[in-house]
Amino acid sequence: GLVKLTRRIVKVTLIIEVVGALLYATVFVPEFGAKGIWISVFNSISGFCNAGIDIIGPDSLAPYVTNPMVNIVTMLLICIGGIGFVVWWDVARVVKIKVKERLTWRSCLKKFNLHTKIVLTTTFILIVGAAMIFLILEHNNPQTIGNLNFGEKTMACFFQSVTLRTAGFQTITQQSFMPGTKFLSIILMIIGGSPGGTA
């Protein structure tokens, strides 16, 4: 089933990257014109592949720290790529079972294979836990998120907790982190992404 699996991976990857590029285009095309199409496509591929490379400028995505579209699309692309192809297929399988048998979401959780349960649980704990710690440590740091409102601070902290594990984008200046935040960042980088993912 190697050929079938490869076709499936390529098909789903293209769909996700095209959707990501279209969503990015709502921000980058009005700002950069025709060049915004290339930036949107490049960032979508880079985000999904967990490469973290961008072509916007030396500050990465820092100019968009308060832009929900850029932040949310980037985080979703990183997470979807990072959890891995095996997890996608298992989630799709369980969703089909839910629709067919009209099960509750709680019943569906039992139908995931062990790998999916571990990946989804670990990913959730790492993202939410790290974001909350970042928010506590950096809340009053004027060189990172200190000058943002609470919603923007929360979004910036979630972005960092996602990108540090598997990608390389930044929306806030990482060299200005507090010592505790730098240490947590290193831990997240060591942990990295899930087995079988683009990370």
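## The main core

The largest nonpolar core here holds 25 residues, and Phe28, Leu61, Tyr64, Val70 and Trp88 have the most contacts inside it. A nonpolar core is a set of buried Ala, Val, Leu, Ile, Met, Phe, Trp, Tyr and Cys residues joined through side-chain atoms within 4.5 Å; buried means under 20% relative accessible area, exposed over 50%, partly exposed in between (1.4 Å probe, protein chains only). Helices 1, 2, 3, 4, 6 (114–138) and 7 (150–166) each supply at least two residues of this core, with helix 3 giving the largest share, 6 residues. Apart from it lies another core, of 15 residues, among them Ile145, Leu148, Cys157 and Leu188.

This is a predicted model: local features need pLDDT of at least 70, side-chain atom pairs count only at pLDDT 80 or more, and totals for chains, interfaces and linings use all residues. Residues are numbered from 1 along each chain as its sequence is written, and side-chain values use heavy atoms, with hydrogens and water left out.

## Helix 1

Helix 1 (residues 2–32) has a kink of about 45°, centred on Ala25; the bend is the angle between axes fitted to the seven residues ending there and the seven starting there. Ala25 is also one of the helix's buried residues, which include Tyr24 and Phe28. Their cover includes helix 2 (35–48), helix 3 (68–83) and helix 4 (85–101).

## The salt bridge

A search of the whole structure turns up 1 salt bridge (a side-chain nitrogen of Lys or Arg within 4 Å of a carboxyl oxygen of Asp or Glu). Asp90 pairs with Arg93 at 2.6 Å, N to O. Both sit in helix 4, 3 residues apart.

Key. Helix = DSSP H or I, 4+ residues; strand = E, 2+ residues; numbered from the N terminus. Contact = heavy atoms within 4.5 Å.
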